[in-house]
Amino acid sequence: QVHVVESGGGLVQPGGSLRLSCAAFGSIGRIYTMGWYRQAPGNERELVATVTSSVNDTKYGDSVKGRFTISRDNAKNTMYLQMNSLKPEDTAVYYCNVFGAGVSGLSFNAWGLGTQVTVSS
């Protein structure tokens, strides 16, 4: 079983920065893709950013391009999201997703419980 834990959320003023972290624990054989998604009240969950393992290929949602940077530490099964120039519309619960294969070879798709990010003056 694989568990995912996010951290680093909080309250920040518009224009400020936050860094989110996500760590995966458990019977992990290999992680293929790690990603951040967010959901604001009344909205559907949307892609923020993803990063693959082999070539560190990254993908960003249109609303965060140029402001957010995703990175990962494969040795620690950890992923980060550096968020700069934050806007009130970035306010949401941010979820970490990890897709990979366990030591048994079976695939897994794990989600964290989320961390709240609030951008407000």
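His3 has Phe25 in S3 as its bridge partner. That contact belongs to the antiparallel pairing of strand S1 with strand S3 (residues 18-26), which runs over 6 bridges. Two strands count as paired here if DSSP finds at least two bridges between them, and strands (E, at least two residues) are DSSP runs numbered from the N terminus. The model is a predicted one, so to speak of local features takes a pLDDT of at least 70 and side-chain atom pairs count only at pLDDT 80 or more, while totals for chains, interfaces and linings use all residues. Residues are numbered from 1 along each chain as its sequence is written, and side-chain values use heavy atoms, with hydrogens and water left out.

Next up is strand S4 (residues 28-39), which pairs with strand S9 (residues 92-102) in the antiparallel sense over 10 bridges. S4 also pairs with strand S5 (residues 46-52), again antiparallel, over 6 bridges. Tyr37 takes part in both pairings: it stands opposite Tyr95 in S9 and opposite Leu47 in S5. S4 and S5 form a hairpin with 6 residues between them, and Gly42 in the turn has a positive phi of about 80°.

What about the rings? A search of the whole structure turns up 2 aromatic pairs (rings of Phe, Tyr and Trp, the last by its six-membered ring, with centres within 6.5 Å; planes under 30 degrees apart are stacked, over 60 edge-to-face, and the rest tilted). One of them is the tilted pair of Tyr32 and Phe99, at 5.7 Å centre to centre and with 45° between the planes. This pair ties together distant parts of the chain, as Tyr32 in strand S4 and Phe99 in strand S9 are 67 residues apart. Tyr32 is partly exposed, at a relative accessible area of 32%, and Phe99 is partly exposed too, at 36% (buried means under 20%, exposed over 50%, partly exposed in between, with a 1.4 Å probe and protein chains only).

Finally, there is Arg45, whose charged end sits over the ring of Tyr95, 3.8 Å from its centre (NZ of Lys or CZ of Arg must be within 6 Å of the ring centre and within 35 degrees of the ring normal). Arg45 also lies over the face of Trp111, 4.7 Å from the ring centre.

Conventions. Helices (H or I, at least four residues) and strands (E, at least two) are DSSP runs, numbered from the N terminus.
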